[in-house]
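Good morning, and thank you for making time on the agenda. Please look at the sequence and the model together while I speak.

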Amino acid sequence: MKSVAVFTNKGGVGKTTLLCNLAAALAKRNKKVLIVDADPQANATQYMFDDDVLEEIYDKKSLYTIYSMARPLSQGKGFSATHEFRRSQAFNVDVLLGDPRLALIEDTLAADWNSSGVRGLRTTFLFREMLSACKAYDYVLFDMGPSLGSINRSALISCDFFLLPLSIDIFSVRATENIAAWISSWRKRLDLNISSVADLSDVEVDDLEFRLNLLGYVNQQYTAKRDSLGSRRPVKAYEKIMNTIPAAIEKSMVTSGKYSQRPLNFHMGTIPNLHSLVPMSQSSRKPIFELKSSDGIVGAHFVKVAEADDLYREIAVRFIENIESFK
Ligand SMILES: Nc1ncnc2c1ncn2[C@@H]1O[C@H](COP(=O)(O)OP(=O)(O)OP(=O)(O)O)[C@@H](O)[C@H]1O
Ligand SMILES: [Mg+2]
């Protein structure tokens with residue numbers, strides 16, 4: 001099992017859309033996938049599940065969610081004894097449901113991080129402990145909100161890799177530098193916290209290694225045009241910024257020594273503006289590449305759906321290749 005956080009602290013760049021469709025594309029390649037919806041906005045859960053499930057989460061509060069998992073620990077009661085996941089038939093994955101109440105534990109996690117000792121490490125490694133019960137999966141993918149807050153810090157510290165969705169603008173290039181700087185400061189702080197605990201077995205987490213590596217990046221939502229040979233080409237202004245990305249990634253992520261290993265190919269794919277296919281897939285609660293005429297697909301849309309199938313398949317193939325290149 002490998003755990004991957006799909007993360008950037010920039011909002012609205014298509015993280016959730018990428019994660020859910022990539023997860024479905026991996027499932028189509030016979031991989032067993034669990035999605036952890038660690039964003040209190042719960043967008044991945046809203047994307048994949050019908051209104052009756054959402055009503056049980058939001059109104060009745062009757063389902064096991066990520067908040068059910070996190071709450072005992074935040075109350076000083078230790079780790080949740082069991083975990084319940086829910087199947088999305090359409091995406092062919094299991095899901096630890098998201099929950100807006102997860103935001104309530106942000107402050108607890110922040111306070112625990114700043115106070116060294118057993119409790120601080122236990123809550124910081126909350127997700128690592130959960131992952132130890134997920135060994136039957138090939139991949140566990142974390143959807144996260146756009147922040148460098150304490151929930152995301154805990155998720156990143158617990159994961160093996162992170163996958164960076166990059167919108168094509170100079171702000172994204174800056175975001176990669178910020179993330180690298182934060183990760184480096186977390187690493188130092190974590191080392192200090194670990195060295196301050198006399199008996200690490202008290203933490204009750206077997207594996208306290210911070211091993212986060214960058215798995216790669218996926219460019220998002222730029223305006224693509226076709227050249228005379230029919231290949232997809234970004235428009236000029238975007239192309240200029242896109243060309244600066246590999247060097248920026250190398251500089252901020254690799255040569256600074258913040259990651260111990262590098263993948264086969266940092267660039268894992270480029271997702272164009274998929275226009276109306278995205279809201280159609282949201283209202284049908286299906287992967288974009290599974291949309292059919294019964295979902296409202298007509299005429300030229302069929303070609304777009306087939307192109308989306310190729311796109312996500314290629315990203316899934318690179319995802320698997322990159323993860324395997326780390327072995
Ligand atoms: N490839 C795409 N083409 C067109 N629209 C897209 C594409 N990907 C995402 N969108 C749209 O962009 C918006 C943001 O997407 P999404 O929710 O996936 O971003 P996000 O990065 O997860 O946002 P947040 O930071 O709030 O979690 C959504 O309304 C979605 O419909
Ligand atoms: Mg999101």
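Helices (H or I, at least four residues) and strands (E, at least two residues) are taken here as DSSP runs, numbered from the N terminus. This is a predicted model, in which local features need pLDDT of at least 70 and side-chain atom pairs count only at pLDDT 80 or more, while totals for chains, interfaces and linings use all residues. Residues are numbered from 1 along each chain as its sequence is written, and chains are lettered from A and ligands numbered from 1 in the order in which they are written.

I begin with the ligand. Which element gives the most to the shell around ligand 1? It is helix 1, residues 15–28, with three residues. A residue is called near a molecule when its C-beta atom, placed from the backbone, lies within 6 Å of it. There are 18 residues around ligand 1, and G11, G14, K15, T16 and T17 come nearest.

Next, helix 1 itself. Its 14 residues reach 20 Å from the first C-alpha to the last, close to the 20 Å expected at 1.5 Å a residue; the expected span is 1.5 Å times one less than the number of residues. Just after helix 1, N30 takes a positive phi of about 65°.

That brings me to the core. A nonpolar core is a set of buried Ala, Val, Leu, Ile, Met, Phe, Trp, Tyr and Cys residues joined through C-beta atoms within 7 Å. The largest one has 84 residues, of which A23 and F162 touch the most other members. Helix 1 gives the most to this core, with nine residues. Contact means C-beta atoms, placed from the backbone, within 7 Å. Leaving aside residues up to four places away in sequence, A23 touches V33, I35, F91, V93 and L141. In soluble globular proteins, nonpolar side chains tend to be buried together.

I turn now to the strands. Two strands pair if DSSP finds at least two bridges between them. Strand 1, residues 2–6, has four of its five residues buried, so this strand is largely enclosed by the rest of the structure. Strand 1 pairs in the parallel sense with strand 5, residues 139–143, over five bridges, and S3 has V140 as its bridge partner there. Strand 1 also runs parallel to strand 6, residues 161–167, with three bridges joining them; here V6 stands opposite L163.

Strand 4, residues 93–96, likewise has two partners to show you. Strand 2, residues 33–37, runs parallel to strand 4 and is joined to it by three bridges, with V36 bridged to L96. Strand 3, residues 86–88, pairs with strand 4 in the antiparallel sense, again over three bridges, and R87 has D94 as its partner. The hairpin of strand 3 and strand 4 has four residues between the strands, and N92 takes a positive phi near 60° in it. Which way do the residues of strand 4 point? V93 and V95 point one way and D94 and L96 the other, and all are buried.

Finally, some points further along the chain. Helix 12, residues 301–325, has 25 residues and reaches 36 Å, close to the 36 Å expected. Its buried residues include V305, A308, L311, Y312 and I315. In the loop between helix 11 and helix 12, R285 has a positive phi of about 50° although it is not a glycine. V298 also lies in the loop between helix 11 and helix 12, and is exposed, with 7 other C-beta atoms within 10 Å. The C-alpha atoms of V298 and L163 are separated by 33 Å.

Thank you; I would welcome your comments.

Key:
A residue is buried if 20 or more other C-beta atoms lie within 10 Å of its own, exposed if 12 or fewer, and partly exposed in between; C-beta atoms are placed from the backbone. Two residues are in contact if their C-beta atoms, placed from the backbone, lie within 7 Å.
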